[in-house]
Amino acid sequence: VHKAVAIWEYDKRDANGRCFLYYSMRLRTVEDPEIRRLVDYAHSVLDALEIFHGASHLEVKMTSTGPCLVEVGARCHGGEGTWCEIAKECVGYTQVEETLNLYLRPDRFDALPKAPQRLLKHGAEVFLVSYQSGQIRNIPGLDTVRALPSFLSLEMSMQPGGTAVPTVDCFTRPGAVQLLAASREQVEADVEVIRKMELDGTFFDLA
């Protein structure tokens, strides 16, 4: 029995001369018929590859001819688990805890729906994008981020005293911000605040 415990929609864009940079990811539900179609396709992929036990993580793209597999792994969703608290608050459970329940409390796993039907809250993980180069004197954008109504947490890989470089992949992004709120509108408004600082160069104070 396959169950989708979270459905994340990736926002990927072109920037700094590179294609498909991660900008953010947001949770979705099968209230959208197209999302339900993606879930059914993902489950058929697992059957075809005979992945019948434990966790898996798939990336699927909807094309003009239907769902198309990007990749699949017999593992939990990665990203160092920074998405876990968002999933817990928005869906009510996480892939990590339900993988454990599958073995330790199968009754709890059996009680899960085939896929999330609705969201309890709204959240996003925002992957920071740098368009600048230089020595980092300070990061004033962090004070603004922490004051956002939907701010939950953040991780930074670029720090004062270090060097900022244009983001061209997941290894050159400055960090990530996790957002959570009762309304989707609040989350989206806060995402736009972050994006504006990145674009106008006020996120970092560079030498």
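1. Tyr22 is partly exposed, because its relative accessible area is 27%. Tyr10 is also partly exposed, at 25% relative accessibility.

2. The basis of the note comes next. This is a predicted model, in which local features need pLDDT of at least 70 and side-chain atom pairs count only at pLDDT 80 or more, while totals for chains, interfaces and linings use all residues. Residues are numbered from 1 along each chain as its sequence is written, and side-chain values use heavy atoms, with hydrogens and water left out.

3. Element names follow DSSP runs, numbered from the N terminus: helices are H or I with at least four residues, and strands are E with at least two. Two strands pair if DSSP finds at least two bridges between them. Strands of a sheet pair through backbone hydrogen bonds, either parallel or antiparallel.

4. Start with β1 and β2. Eight bridges join β1 to β2, and the two run antiparallel. One of the contacts is known by residue: Tyr10 has Met25 in β2 as its bridge partner. The hairpin of β1 and β2 has two residues between the strands. Asn16 is in that loop.

5. Two backbone angles deserve a look. Most residues other than glycine have a negative phi. Asn16 has a positive phi, near 55°. Asn16 is partly exposed, since its relative accessible area is 29%. Phe20 also has a positive phi, near 60°. Phe20 lies in strand β2. At 58% relative accessibility, Phe20 is exposed.

6. How many aromatic pairs does the structure hold? It holds three. Rings of Phe, Tyr and Trp (its six-membered ring) pair if their centres lie within 6.5 Å; planes under 30 degrees apart are stacked, over 60 edge-to-face, and the rest tilted. The ring centres of Tyr10 and Tyr22 are 5.2 Å apart and the planes are at 80°, so this pair is edge-to-face. The pair links distant parts of the chain, with Tyr10 in strand β1 and Tyr22 in strand β2, 12 residues apart. Tyr10, Tyr22 and Phe127 form one aromatic cluster.

7. A charge also meets a ring. The charged end of Lys3 sits over the ring of Phe109, 5.2 Å from its centre. The criterion is NZ of Lys or CZ of Arg within 6 Å of the ring centre and within 35 degrees of the ring normal.

8. Now the pockets. On a 1 Å grid over the protein atoms alone, a pocket is an open set of points where a 1.4 Å probe fits, with protein on both sides within 12 Å along at least five of seven lines; lining residues have an atom within 4 Å of a point. Grid points are joined across faces, edges and corners, and a volume is the space filled by probe spheres set on the points.

9. The largest pocket has a volume of about 1200 Å³. Its lining has 40 residues, and Ala6, Trp8, Leu58, Glu59 and Val60 lie nearest the centre. At least two lining residues come from each of β1 (7-15), β2 (18-28), α1 (33-48), β3 (57-63) and α3 (95-104). Which element gives the largest share of this lining? It is α1, with seven residues. By class, 23 lining residues are nonpolar, nine polar and eight charged. Here Ala, Val, Leu, Ile, Met, Phe, Trp, Tyr, Cys and Pro count as nonpolar, Asp, Glu, Lys and Arg as charged, and the others, Gly among them, as polar.

10. The second largest pocket has a volume of about 520 Å³. It is lined by 22 residues, and Gly79, Glu80, Phe127, Cys170 and Arg173 lie nearest its centre. Two or more lining residues come from each of β2, β3, β5 (122-127), β7 (151-156) and β9 (175-181). Phe127 also belongs to the aromatic cluster with Tyr10 and Tyr22.

11. Three strands form an open sheet in the order β8-β6-β10, with antiparallel pairing. Its edge strands, β8 (163-164) and β10 (205-206), each pair on one side only. Two bridges join β6 (residues 134-138) to β8. Gly134 stands opposite Ala164 in β8.

Note on methods. Buried means under 20% relative accessible area, exposed over 50%, partly exposed in between (1.4 Å probe, protein chains only).
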